[in-house]
Number of protein chains: 2
Amino acid sequence: MKKIHNFSAGPSILPRIAIENTAKAILDFNGIGLSILEISHRSKDFQAVIDEAVALFKEQLGIPEGYQVLFLGGGASLQFCMIPYNLMNKKAAYVDSGVWAKKAIKEAKLFGEVNVIASSADKNYNFYPPITNIPTDVDYLHITTNNTIYGTEIFTDIDSPVPLVADMSSDIFSRPVDVSKYAMIYGGAQKNLGPAGATFVIVREDILGKVDRVLPSMLDYRVHIKEGSMYNTPPCLPIYTIMETLRWIKSLGGVKVLQEMNQKKAKLLYDTMDNSKIFVGTVEKDSRSLMNICFVMREGYQHLEDEFMNFSKANGMSGLKGHRSVGGFRASTYNALPYESVQALVDCMNEFEKSKV
Amino acid sequence: MKKIHNFSAGPSILPRIAIENTAKAILDFNGIGLSILEISHRSKDFQAVIDEAVALFKEQLGIPEGYQVLFLGGGASLQFCMIPYNLMNKKAAYVDSGVWAKKAIKEAKLFGEVNVIASSADKNYNFYPPITNIPTDVDYLHITTNNTIYGTEIFTDIDSPVPLVADMSSDIFSRPVDVSKYAMIYGGAQKNLGPAGATFVIVREDILGKVDRVLPSMLDYRVHIKEGSMYNTPPCLPIYTIMETLRWIKSLGGVKVLQEMNQKKAKLLYDTMDNSKIFVGTVEKDSRSLMNICFVMREGYQHLEDEFMNFSKANGMSGLKGHRSVGGFRASTYNALPYESVQALVDCMNEFEKSKV
């Protein structure tokens, strides 16, 4: 079968070993003669899975004492309302760095005053807005560290005078993170961590229990902490694949190694477009994401967009179409995407260019 | 390998064909060279999955016009707060038929007044409380049709003067349902429908939009309806297995056939305990569930409980331990459990009894 290079923005490429072991666990889990899909989440076999997933998550990200790791359902979008529900008394600060940040802001406004302290909306989010002058009279500051749609990313773990909450849906485990700088980090699993259906939440326990509002049980982080993510039936299979992916991260040598691999992959692709006469990146250089690499056709070559899309597809590239808000192309280069796939894309771009210029 | 008989209360036994096809789709989905775990939920391949799942769901349950079917994350427990969020202005009526009903009541109380119109709590929920005199001054009536922990079930689609909302987590697709009697039916997938991680919601659209409260997007049924369950990334793999399970239901001949199979299985087990000198059912006869069959040791034989548990395990029975609120044994006999498994359990009970009496 033809090799497919999977540049999907998410759900996205996962380590092959995680996929194969997931398929095995579905046919017969741990040799018990049953599928992982049909055993109790309270069984010792599944408890071992979630325990290992949490332990590896903490170990590989270097999470300090005082933080809890949760795996929940509902997606990062549910967190957009859970965060203000649990943390906002009156006012919060948000950075508007893209569509997902904007969605988080929209939900927060239902709970109190939102102070948008930085935005790149007027440049169609083509840079990461500098975060300065963080107010001290807010309950928390919310940022989105990587903007999947626009391909911008912040690589610094900023110092914040108020609890810092970060949506890291699309760059978690792509680099070392100083978790101690954050009060909470969360995200959908379906990029670097696992399949769709599970959401991770890293939360420092001391920020909870400080709001007056009455919290429904399922929206209360303290309930999920108390029950070890099993207040109700968790998304078992996604959590299993997360565990397998974390095992793979560990086997490679951890996030530092992945960071180097990601930098190498991104450099290859960014260098190619910087040296190209027909392709051009859409993002300001110091905001360029290592996870989602957006590019379009240069002026004068825009009529070739569909032709390149078809050419790349014929060469095995998948998921390259840019989001409609940006157009053009987006190569998502998550952890599990091998260097060879970026090389294949670059070869494809070079070959196409040679035929046109 | 020894045959395992899977009586787990949930996540629970699924059709083998659904399990095998899920494993195949994880290794290579539709022959596209990619796993279903690593493709976009917006891809045409996945859109076809959710479309077929919704269409089969409507077809096999005979859902009339005016209703929508959603697949969401978060579990039925999230619905416990979403229901009052979306439907309760001031007051709702609830039937207290077990632990899950009680949890639903607890969440509803955060949103308004709850009128518990029937309860079997004082008999440790060993019967389904008769529902009479439904008040007309409430926004809706909430019932739990099958009580997984206690093994009681209501088989009538009752007439209600107010919108009827039913948690059918553990008996959906086990019998024909007159959906037109309900305003909403919901439940976790992880019994008769699929793996953990997805929740189904059948909702009559005209009951929505009648509350004043501001709704966060993820908690608003109208948002999920508008976006066809894809406001955010849905639990893709669980939805795939649901589609496969619905195909299996259709291939067998539908819910009417399943109902007959379930009645036959339940009769075999209930008759065995009714004729036994050492086993006895815990539930009043006319409330006996077809899905979860609870029994204990008769007085004088209670010291044999552990011994029977070990004996049954040695004979391949799995997931038989009763919930701690009831004790003893619980055989969950969901759709996918074959008659042969119930026969194996009954043989095991008879053999054990012969050695003791």
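**Domains.** I began with the division of chain A, in this predicted model, and found domain 1 at 16-252 and domain 2 at 254-356. I then looked up the spacing of the two parts: the centres of domain 1 and domain 2 of chain A, taken over C-alpha atoms, are separated by 27 Å.

**Where the domains touch.** I next asked how many residues of domain 1 of chain A are in contact with domain 2 of chain A. I noted 24 residues of domain 1 in contact with 24 residues of domain 2. On the domain 1 side, I recorded α2 (44-61), β7 (152-153) and α6 (236-252) of chain A as each supplying at least two residues. Of the elements on this side, α6(A) gives the most, with three residues.

**Secondary structure.** I turned to chain A as a whole and listed nine helices and 14 strands.

**Overall form.** I compared chain A with the expectation for a compact globule. For 357 residues that expectation is a radius of gyration near 21 Å, and chain A agrees because its own value is 21 Å. Along the principal axes, I found that the C-alpha atoms of chain A fill a box of roughly 65 × 55 × 30 Å.

Methods: Residues are numbered from 1 along each chain as its sequence is written. Chains are lettered from A and ligands numbered from 1 in the order in which they are written. This is a predicted model: local features need pLDDT of at least 70, side-chain atom pairs count only at pLDDT 80 or more; totals for chains, interfaces and linings use all residues. Helices (H or I, at least four residues) and strands (E, at least two) are DSSP runs, numbered from the N terminus. The radius of gyration is taken over C-alpha atoms; the globule rule is 2.2 Å times the number of residues to the power 0.38. Domain bounds come from an automatic or database domain assignment. Two residues are in contact if their C-beta atoms, placed from the backbone, lie within 7 Å.
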